[in-house]
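Subject: Structure handover and notes

Dear colleague,

Here is the structure we discussed, with the sequence alongside.

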Amino acid sequence: MDAFVNLTIVTFNRVECTQRCLESILEMTSYPYVINIIDNGSTDRTREYLESIRHADGYSERINRIVYLDTNMGISPAYNLGWSLSDAPYYVKIDNDVVFLRDDWLDVLVNIAETIDDAAMIGFGENTSGLRHAADDRLYYAGHVGGCTFIKRAVHEKIGFWNEDYGLYGEEDADYGLRARLAGFCNLRYADNKGDFITYSEHIDENISEYTQWKSEERTKNIDINFKLNDVLFKCGFRDLYVGRKFLPYEDNGTIRFRVNKEYVRHFEQLKNRYLPLLPAILQSAEYEAINTEMGFHFYF
């Protein structure tokens, strides 16, 4: 298989959502792909379901690896593990509540990646900015792409991994989009007049209100400190745009575990100690304002 795509899905409970996601992938995907699934320590029926499909017709030839983690490592470490499970030239980060609606979804994303050289994150949907790519008016510029995010390996090799500074759930998509734009790439969403490519099944989760509240609280904590700090560090050139791993995976008797990357933690703590006290002043500075204006970061897109 010369050109294929690594579809990586991270699961944590919500087994019904995972089932609908995987069923839609099998039904709606024609471009060559493999599926890698990382379960973040689910406590519902997720693991039983995944084991039931591992060797099932249709799934067995598509599933490359199912990894069961002993504990919930959070979004970024689990999705980062997905990078290493396949040598595919393309990678898609798929939330486990995504449902695919059209059988050309992956073909469209691959075509954009092969046509637009500077595309980093590619996904679906219009954007409120209305800013469109000159090559195709169905392509909208985006700050970042979440839910279903297509990335070329060449982009990953240049700017690295999902940032693991944000705990169990955070701004990893926005962080990646920021670094991609600063590295000279653009992030794109595709929308045409033939109907939606994806929808979400999270509404079938009976605990959705509790889950939504938890996500909101986690995001607020992240944005108030770590994301604002990283935003300044990356934009001002105080931190390299290539981000490595805070948690390093290793195999222990067939089980993947993680150890803390002490060098990463030490370096980030140094940056925090040096720049966090200066953060309010930097955010109000003319230099920071000039960076945002020049790069168009004031637009929501």
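A pocket here is an open set of points, on a 1 Å grid over the protein atoms alone, with protein on both sides within 12 Å along at least five of seven lines; its lining residues have an atom within 4 Å of a point. Grid points are joined across faces, edges and corners, and a volume is the space filled by probe spheres set on the points, the probe being 1.4 Å.

The model is predicted, so local features need pLDDT of at least 70 and side-chain atom pairs count only at pLDDT 80 or more, while totals for chains, interfaces and linings use all residues. Residues are numbered from 1 along each chain as its sequence is written, and side-chain values use heavy atoms, with hydrogens and water left out.

The pocket

The second largest pocket holds about 170 Å³ of space. Its lining consists of Arg239, Asp240, Tyr242, Val243, Gly244, Asn261, Glu263, Tyr264, His267 and Phe268. Sorted by class, these are four nonpolar, three polar and three charged residues. Ala, Val, Leu, Ile, Met, Phe, Trp, Tyr, Cys and Pro count as nonpolar, Asp, Glu, Lys and Arg as charged, and the others, Gly among them, as polar.

Helix packing

Helices (H or I, at least four residues) and strands (E, at least two) are DSSP runs, numbered from the N terminus. Axes are lines fitted to C-alpha atoms, for helices over the stretch in contact, and angles run from 0 to 180 degrees between N-to-C directions. Angles under 35 degrees count as roughly parallel, over 145 as roughly antiparallel, 65 to 115 as roughly perpendicular and the rest as oblique. Contact means heavy atoms within 4.5 Å.

H1 (residues 15–28) and H2 (residues 46–53) have axes that come within 9 Å and cross at roughly 25°. H1 is therefore roughly parallel to H2. On the H1 side, Val15, Thr18, Gln19 and Leu22 meet Thr46, Tyr49, Leu50 and Ile53 of H2. This contact has five nonpolar residues, three polar and no charged.

For H6 (residues 172–182) and H7, the packing angle is about 10° and the axes are 10 Å apart. That makes this pair roughly parallel. Ala174, Asp175, Leu178, Arg179 and Leu182 in H6 touch Phe227, Asn230, Asp231, Phe234 and Lys235 in H7. Five of the contact residues are nonpolar, one is polar and four are charged.

H7 (residues 208–235) also packs on H8 (residues 262–275), with axes that come within 11 Å and cross at roughly 90°. These two helices are therefore roughly perpendicular. Here Asn226, Leu229, Asn230 and Leu233 of H7 meet Phe268, Leu271, Lys272 and Tyr275 of H8. The classes are five nonpolar, two polar and one charged.

Two loop residues

Ser30 sits in the loop between H1 and strand E2 (33–39). Leaving aside neighbours within four places in sequence, Ser30 contacts Asp103 and Asp107. Asp103 is in the loop between strand E5 (98–100) and helix H4 (105–115). Not counting residues up to four places away in sequence, Asp103 touches Met28 as well as Ser30.

Regards
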